[in-house]
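Please follow this short walk through a predicted model, shown below.

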Amino acid sequence: MVTFFLALIILLVGYWTYGKFVEKVFGPDDRATPATTMTDGVDYVPMKRWKIFLIQLLNIAGLGPIFGALSGALWGPVVFLWIVFGTILAGAVHDFLTGMISIRHNGASVSEIVGIYLGKNMKTVMRVFSVVLLVLVGTVFATGPANLLAMLTPETLNASFWLVVVLLYYFLATLLPIDKVIGKIYPLFGVCLIIMAAGVAGGIVLQGYHIPELTLQNLHPENTPIWPMMFVTVACGAISGFHATQSPMMARCMKSEKDGRKIFYGAMVSEGVIALIWAAAGVAFYGSTGGLQAAMNAATQNGVVYEICRTLLGPVGALLAMVGVIACPISSGDTAFRSARLTLADWFKIDQKKNMPRLYLTIPLLGIGALLSQIDFNIVWRYFSWSNQTLAMIALWAGAAYLVKARKNFWIAALPAAFMSAVSCTYIMMAPEGFRISQSISYPVGILFAAGCMGLFLWKSVYGKKSSESGSESSVSVSANPEASSAD
């Protein structure tokens, strides 16, 4: 149990130390934010910091730090290391930079940010990539809750009925101003997510469950390799590219840049704490990784969450579990569709202040989601985890490029970007849904790919820096006048 508490302390200390260092590198100031200069009553809506924090937490979390952490716990306590240091050094930096750079570019979506700093070709790739990914997320997070609700209600209210209900809610959440639906119910569900995690942590500790101490030994029942499988499986509990699609939504609602660390870095650290608790619960509650795997095979992750909460917290825990496994994925689904609308609006430069332009985008997106919900996603969805981490990799490289142009310490983004490049490449090389190449080949290929990305980045950044010093003012326009560099 010492390892668990030490990991928890490092996460909290990391927020106050490395988080402040990252904040100092970026340099938030008192400039007017898009929420105040571009207020439209729909997407650009000034909100209070505490409310934005809770919305951001639920946006990026959902069931990610629960399901991902439970799956990561199959490798044993070694998962604690990735959750802690992945959160502090990579995930929180990723979320902070994408959110803060979005503020500097009028609340631009991540695809537009990538285009500004990595070129038009990458912008096109990211536009398509992110929209497809967001629609997939929204669709799967519609069918999952619908199936769960069907199990808990009379037979007449089947999965098809609940799917229609969920999609109708998604329609409203995607179309209506952000403070009308999301701004009102998300803070409540965010508090429920925190209470559920705190209750599970208290139950594990006070009821005498044994949380094993750190070991680097691979305890996975199927001997699945730690690298890179664990680093992709945990996903939202350490770093997630999906967060890069969510942070710009909150960037459009912040009244001060100086709230960035508390909102973006703080929400990711909070998610890391939640993931740490659920990983600890996974390895402690069932006594072994084999016991956890057997429980997940028998009852799925939903059943495991319900059993842990009901056993540790009684009827209140059972209620919280139901809220978690139903409301949390819905909260990720609706913001996924909303982010897809905003990405398309940025792409085609469609003003979203009036109802009709929002309808033109919302109806087709939800229609595609409804059609895709009828398809078996068991195969297609396997690629989500890899796509998610690849998106994080690209977003970090864009953040590093921003810091180069702003003449700031780009290593805080470049190093985790290189690490995630190795993770992403190695995973797709050897994963069952990838090329299924042996470790002896996949490992060096992944390392070479990461080294190549770093080399290309350094060469481009040095060349760009020399060019800017010879006459261009683009290197300082980022921090002095971000709007000037946001156009194609």
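A salt bridge is a side-chain nitrogen of Lys or Arg within 4 Å of a carboxyl oxygen of Asp or Glu. E112 and R127 form one, with N and O 2.9 Å apart. The pair links distant parts of the chain, E112 being in helix α7 (residues 110-118) and R127 in helix α8 (residues 120-152), 15 residues apart. Helices are DSSP runs of H or I, at least four residues long, numbered from the N terminus. E112 counts as buried because its relative accessibility is 9%, where buried means under 20% relative accessible area, exposed over 50% and partly exposed in between (1.4 Å probe, protein chains only).

The model is predicted: local features need pLDDT of at least 70, side-chain atom pairs count only at pLDDT 80 or more, and totals for chains, interfaces and linings use all residues. Residues are numbered from 1 along each chain as its sequence is written, and side-chain values use heavy atoms, leaving out hydrogens and water.

Eleven salt bridges occur in the structure. In another of them, R338 and D43 bring N and O to 2.8 Å. R338 lies in helix α14 (residues 289-348) and D43 in the loop between α3 (34-37) and α4 (49-61), so the pair ties together parts 295 residues apart in sequence. Both R338 and D43 are buried.

R104 and E257 also meet in a salt bridge, at 2.6 Å from N to O. R104 belongs to helix α6, whereas E257 sits in the loop between α12 (242-251) and α13 (260-285). A network of salt bridges links D29, R31, R104 and E257.

Helix α6 is mostly covered, with 23 of its 26 residues buried.

Technical notes:
Helices (H or I, at least four residues) and strands (E, at least two) are DSSP runs, numbered from the N terminus.
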